[in-house]
Structures are given as structure tokens and as C-alpha cells.
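Take a moment with the sequence and the model below. Then read on, and turn the model as you go.

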Amino acid sequence: MDFCTEMKQKTQAIHDKSDKLINWKLAVALTDTKLYGTVLADFYHVFQTIEDCVERCKNVQHPMIVPLADATVGLHRSDAFDQDVTFYLGPDWRGKVEPSPPAKEYCDRIHKITQESPTLLIA
């Protein structure tokens, strides 16, 4: 089995779960700006986790992650999500809005693969 196929198989279930959650939340959130801000906060938490984990792997010179980190300079999304969430929920949102349980589960999974198999971050 090639690397891409293996990564797709190992991440498919969590990606499907995440996509369904986000699509459902977006459909409902479009009618409520506070709820929309909460949905965006989930995106913030996920992207921030990915960015932090890639950076952590870069700092320890992981040979497969360093090129990824170098190639994605300037593509980080968490700052933009932070600005959007601040617009919808106010400047103190970080102390009030935790990731939803599925988003937290996804972030926990990202942390776990960073420890166990960091090359899965490439997916």
C-alpha cells in the first residue's frame, strides 16, 4: 500500500465526522451570528492545533515535517479565524468559548498523531 492510500484510510473516518459536523453547524449557524461565531471558533481551534503541531515538529527537525512547515509559511489560517471569531463573539471570546466535543476530539487526535506518527500531519 502506498503512503497516500494509507494516510487516506487512516484519516477518512475522522475527516468524514468532522465534515458532517461542520456542514450541519454551518446550515444552522447561518441564521444566528453568535452560533456562527462558535462554529468559526471550532475552525480556529483545529487550525491552531495543526499549526502548533507542525511548528513543534519543525522545531525538533523532523525530516518529513520541516519541508511541509517551510512550504506552508504564510498559509496559516488560525489568525484569520481568530479575527473572525472576535468580530462575531467579541474580544474576550477565548475565555468563554471552548471547542465543541467533536472539535476537541479532532484536536486531541492531532496531538496524538504528532506524538505517535507525525508524518500523518502531512495529510
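How many helices and how many strands are there in the chain? The chain has five helices and zero strands. Read from the N terminus, the order is α-α-α-α-α. Keep in mind that this is a predicted model.

Start with the whole chain. Its C-alpha atoms fill a box of roughly 45 × 30 × 20 Å along the principal axes. The chain has 123 residues, and 36% of them are buried. Now look at the contacts between residues with a separation of 6 or more. Of these, 74% join residues 24 or more positions apart.

Next, pick out one residue. Ile-22 sits in helix α1, which covers residues 3-29. Is Ile-22 buried or exposed? Its relative accessibility is 14%, so Ile-22 counts as buried; the cut-off for buried is under 20%. Now find Phe-43. It is 21 residues from Ile-22 in sequence. In space, the two C-alpha atoms are 8.8 Å apart.

Move on to a pair of helices. Helix α2 spans residues 33-59, and helix α5 spans residues 101-116. They pack at an angle of about 5 degrees, and their axes are 9 Å apart. Angles under 35 degrees count as roughly parallel. Therefore α2 and α5 are roughly parallel to each other. Which residues make the contact? From α2 come Asp-42, His-45, Val-46, Thr-49, Ile-50, Cys-53, Arg-56 and Cys-57. From α5 come Ala-103, Tyr-106, Cys-107, Ile-110, His-111, Thr-114 and Gln-115. Sort the residues of this contact by type: eight are nonpolar, five are polar and two are charged.

Helix α4 is another one to trace. It runs over residues 78-89, twelve residues in total. From first C-alpha to last, α4 reaches 16 Å. That is close to the 16 Å expected at 1.5 Å a residue. Which residues of α4 are buried? They are Ser-78, Phe-81, Asp-82, Val-85 and Leu-89. Look down the axis of α4. The buried residues fall within an arc of 105 degrees, so they line one face of the helix. What do these buried residues pack against? They pack against α2. On the other side of α4, Asp-79, Gln-83 and Phe-87 are exposed.

Gly-90 follows α4. The phi of Gly-90 is positive, near 100 degrees.

Key. Residues are numbered from 1 along each chain as its sequence is written. This is a predicted model: local features need pLDDT of at least 70, side-chain atom pairs count only at pLDDT 80 or more; totals for chains, interfaces and linings use all residues. Side-chain values use heavy atoms; hydrogens and water are left out. Axes are lines fitted to C-alpha atoms, for helices over the stretch in contact, and angles run from 0 to 180 degrees between N-to-C directions. Helices (H or I, at least four residues) and strands (E, at least two) are DSSP runs, numbered from the N terminus. Angles under 35 degrees count as roughly parallel, over 145 as roughly antiparallel, 65 to 115 as roughly perpendicular and the rest as oblique. Contact means heavy atoms within 4.5 Å. Ala, Val, Leu, Ile, Met, Phe, Trp, Tyr, Cys and Pro count as nonpolar, Asp, Glu, Lys and Arg as charged, and the others, Gly among them, as polar. The expected span of a helix is 1.5 Å times one less than its number of residues. Buried means under 20% relative accessible area, exposed over 50%, partly exposed in between (1.4 Å probe, protein chains only). The arc is that of the directions from the helix axis to the C-beta atoms.
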